[in-house]
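Welcome! Here is a short tour for a first look at this protein chain, from its overall build down to single residues.

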Amino acid sequence: MQPPAAIRGVPDIFAAALGAGAQRDALVTRSGTWSYADLDHLCEKGATVLRDLGVRAGDRVAASLPNDVDIIIAFHATMRLGAMWVGINRPLAPPEKQFILRDCGASVVIADDDIAAQLGERGDTEWRTVRCDEWRRSLEGAAPRPSRERVDPLAPAAIAYTSGTTGYPKGAVHSQHNLMLAARATVESRGYGPGLRKGDCLPLTILNMVVLTTLVVAEAQGCCVIMDRIDAEGVAGWIRDHRVTTWNGPPALLHSLVADDAIGPDALRSLDEVWTGGADCPEALRDSFEAKFGRAVLATYGLTEAPTLVAIDPRSGDHRPGASGRAMPHVDVSVRSDDGTVLGPGETGEICVGPQATGPWAGLYRTMLGYWQRRDASADALREGVLHTGDIGFVDEDGFLTIRDRKSLVIMRGGANVYPAEVERVIHQLQGVAGCAVVGVPDERLGERVVAVLERAPSAVLDAETVRDHCLESLARYKVPERVVFVAQLPRNAMGKISRRDLAALFDDPA
């Protein structure tokens, strides 16, 4: 395994592919197919368009676009100017989008018509809104001018906003080096090459998804397949029609693929790898997916602040129940107590991520540069030279990482810790559970009580008593939900994860 010999910036990402096979397919979207030569040419034109809009190094360029070629071009164009990229998820409410634009001080935002109407027109806002059709017309008419900007790979290059589970979202700032190293480590550790056809259906407004699509694939000199469907039949069609070899999706989508009888066992036969979040995926779902499609589901762990992958199951399919794989080669994962003491194998504490101290990847990883305009939060997250993730878990003797829960989500019931993820994993073992979130609600005597909010699978027959009885078989009594609430649909964010801040609105006062 050969790590990068030098620190590199994103503008270098196509160089090897252009030299080895410029006419090979680089990108497939709903709008068409582009070779590496075509895509590089469009990205250079995109840099010209942004430059003509007044964008300079350090300026913030935001985008709120669907999965298609436009967002790929806009990202690479921004990187070539040394400007800073900000993705804004399209499902966010207008005030949430506007908060991010004001917080980061965006000078330009590229958006489709519906989103542009939410953001305000030029003259009414601090930023210039460029509609998608205007962006495309400008690209057609632009004469590509070679970028003369000297891009610093270690300078701030992208702001990835957290989901804002409590309060306002924070923007994790990354350098181009951070993004490129994550891509290189993924390619090297997975053994990817030009045969890689990586398919992704999650929104490219998420920075981690940009890295795991265009950067990973270009590093491997493969083909990036950007999907515009997030339903089971749509995703299966993309995988089949475009011979996708690696795909990652949220557990809810894996569940739909398993449950949909219209999707046969051979529908995903082109896949070599299937990824999903390890802490979010019930073991029963993993088993059902492999039983139907003959493909192991590889557990992963990643976060906005890392960026991207921190751990993943080996390609061999070796997996530990409940675990999220082994650490990527470029990072050191440690478990620490509240006073910063590094804990041993099997001991539970806060997951921290830092650079490798020895070996070929030693010293290459850099933590995030901090949270945008959040000095105190940055100092707290980056103590002792490592990233404190806020996740609670442990690493076993074989190096497998298990996430128990978010530090901020631990329920304090009568002086005892209850980890919602542990209770959720037990509930997910029941037939008929499509989704589950366990939360703590205030209680004068106990401090907090345990409540489970469930979404039933279609046609499922499931009641609160059944859920509680099942939990009593596997959990200590104090961990068993004292109330079980059924809802028509759990709220989810752009990554397909349950949005916990929106749970309270789904049920009445549980007192």
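## Charges and ground rules

Lys and Arg count as positive and Asp and Glu as negative, while His and the chain ends are not counted. The place of a charge is taken as NZ of Lys, CZ of Arg, CG of Asp or CD of Glu. With that in hand, the protein chain has 55 positive and 68 negative charges, whose mean positions lie 4 Å apart.

This is a predicted model, in which local features need pLDDT of at least 70 and side-chain atom pairs count only at pLDDT 80 or more, whereas totals for chains, interfaces and linings use all residues. Residues are numbered from 1 along each chain as its sequence is written, and side-chain values use heavy atoms, with hydrogens and water left out.

## The chain as a whole

The protein chain holds 14 helices and 25 strands; these are DSSP runs numbered from the N terminus, helices being H or I with at least four residues and strands E with at least two. Its radius of gyration is 23 Å, close to the 24 Å from the globule rule for 511 residues, so the chain is as compact as a globular protein of that length. That radius is taken over C-alpha atoms, and the rule is 2.2 Å times the number of residues to the power 0.38.

Of the 511 residues, 55% count as buried. Buried means under 20% relative accessible area, exposed over 50%, and partly exposed in between (1.4 Å probe, protein chains only).

## An open sheet

Nine strands make up an open sheet with mixed pairing, in the order S2-S1-S10-S9-S11-S12-S13-S14-S15. Strand S2 (32–35) and strand S15 (326–327) are at the edges with a single partner strand each, so one side of each has no neighbour in the sheet. Two strands pair if DSSP finds at least two bridges between them.

Strand S1 (residues 25–29) and strand S10 (residues 223–226) pair in the parallel sense over two bridges. Leucine 27 has cysteine 224 in S10 as its bridge partner.

## Two buried residues

Isoleucine 71 sits in helix H3 (residues 69–80) and is buried, at 1% relative accessibility. Beyond residues up to four places away in sequence, isoleucine 71 touches Leu65, Pro66, Trp85, Leu204 and Thr205, where contact means heavy atoms within 4.5 Å.

Glutamate 424 belongs to helix H13 (residues 420–427). Glutamate 424 is also buried, with a relative accessible area of 11%. Apart from neighbours within four places in sequence, glutamate 424 contacts Cys436, Ala437, Val438 and Arg500.
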